[in-house]
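Please examine the sequence and the structure shown below before reading on. The paragraphs that follow are meant to be read with both at hand.

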Amino acid sequence: MNTSNAAPDDRLKAAQQANDWPLLLRLSRQALRKNARHHQANRYLGVALHKMQKSEEALKAFVDYLQSEVARRTSGVSR
């Protein structure tokens, strides 16, 4: 899959839709390195880890995602 010219969020979505879990894992981690507060990157990371049967790591990523979702919603930031 060639996603090098796509926007970061589009690349994450494309990797998930292609069921390319190693790519989704790599892209999610890259997004989080660039922006630790990247809202969707933790969700995508959790999906990739879950699909790769790394349950404990996936759970942490999902918890991080949910915490950021709660913070985002309570701060009044819209989608």
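The account below moves from the overall architecture to the helix pairs, the core, and then individual residues.

The structure is a predicted model. Its protein chain contains four helices and zero strands, and from the N terminus on the elements run α-α-α-α. Of the 79 residues in the chain, 34% count as buried.

Two packed helices are described by the angle between their axes and the distance between the axes. For helix α1, residues 8-17, and helix α2, residues 21-34, the axes come within 8 Å and cross at roughly 160°. Angles over 145 degrees count as roughly antiparallel, and α1 and α2 are therefore roughly antiparallel to each other. The crossing of α1 past α2 is left-handed. On the α1 side, the contact is made by Arg11, Leu12, Ala15 and Gln16; on the α2 side, Trp21, Leu23, Leu24, Leu27 and Ser28 take part. Sorted by class, this contact comprises six nonpolar, two polar and one charged residues.

The loop between α1 and α2 holds asparagine 19. Most residues other than glycine have a negative phi, and most peptide bonds are trans. Asparagine 19, by contrast, has a positive phi, near 55°.

Helix α3 spans residues 39-51, and α4 covers 55-74. The axes of α3 and α4 come within 8 Å and cross at roughly 160°; α3 and α4 are therefore roughly antiparallel to each other. Here, too, the crossing is left-handed, with α3 passing α4. From α3, the contact is made by His39, Gln40, Asn42, Arg43, Leu45, Gly46, Val47, Leu49 and His50. Their counterparts in α4 are Glu57, Ala58, Ala61, Phe62, Asp64, Tyr65, Ser68, Glu69 and Arg72. By class, the contact of α3 with α4 has seven nonpolar, six polar and five charged residues.

Between α3 and α4 lies a loop that contains glutamine 53. Glutamine 53 follows α3 and, although it is not a glycine, has a positive phi of about 60°. With a relative accessibility of 71%, glutamine 53 counts as exposed.

Which residues of α3 are buried? They are His39, Ala41, Asn42, Tyr44, Leu45, Gly46, Val47, Ala48 and Leu49. These buried residues pack against α1, α2 and α4. One of them, asparagine 42, has a relative accessible area of 10%. Buried means under 20% relative accessible area, and asparagine 42 is therefore classed as buried. Apart from neighbours within four places in sequence, asparagine 42 is in contact with Leu32, Ala61, Asp64 and Tyr65.

In soluble globular proteins, nonpolar side chains tend to be buried together. In this model, the largest nonpolar core has 17 residues. Within that core, the residues with the most contacts are Leu12, Ala15, Leu24, Leu25, Leu27, Leu45 and Leu49. The elements contributing two or more residues to the core are α1, α2, α3 and α4. Helix α2 supplies the largest share, seven residues.

Valine 63 and arginine 43 are 20 residues apart in sequence, and their C-alpha atoms are 8.9 Å apart in space. Glutamine 67 is likewise found in helix α4. Its relative accessible area is 52%; exposed means over 50%, and glutamine 67 is therefore exposed. Along the chain, glutamine 67 and histidine 39 are 28 residues apart, and their C-alpha atoms are separated by 9.8 Å.

Technical notes. Residues numbered from 1 in each chain as written. Predicted model: local features only at pLDDT ≥ 70, side-chain atom pairs only at ≥ 80, totals over all residues. Heavy atoms only, no water. Axes fitted to C-alpha atoms, helices over the stretch in contact; angles between N-to-C directions. Parallel < 35°, antiparallel > 145°, perpendicular 65-115°, else oblique. Left-handed = near helix turned anticlockwise from the far one by under 90°. Contact = heavy atoms within 4.5 Å. Nonpolar A, V, L, I, M, F, W, Y, C, P; charged D, E, K, R; others polar. Buried < 20%, exposed > 50% of the residue type's maximum accessible area, 1.4 Å probe, protein only. Core = buried A, V, L, I, M, F, W, Y, C linked by side-chain atoms within 4.5 Å.
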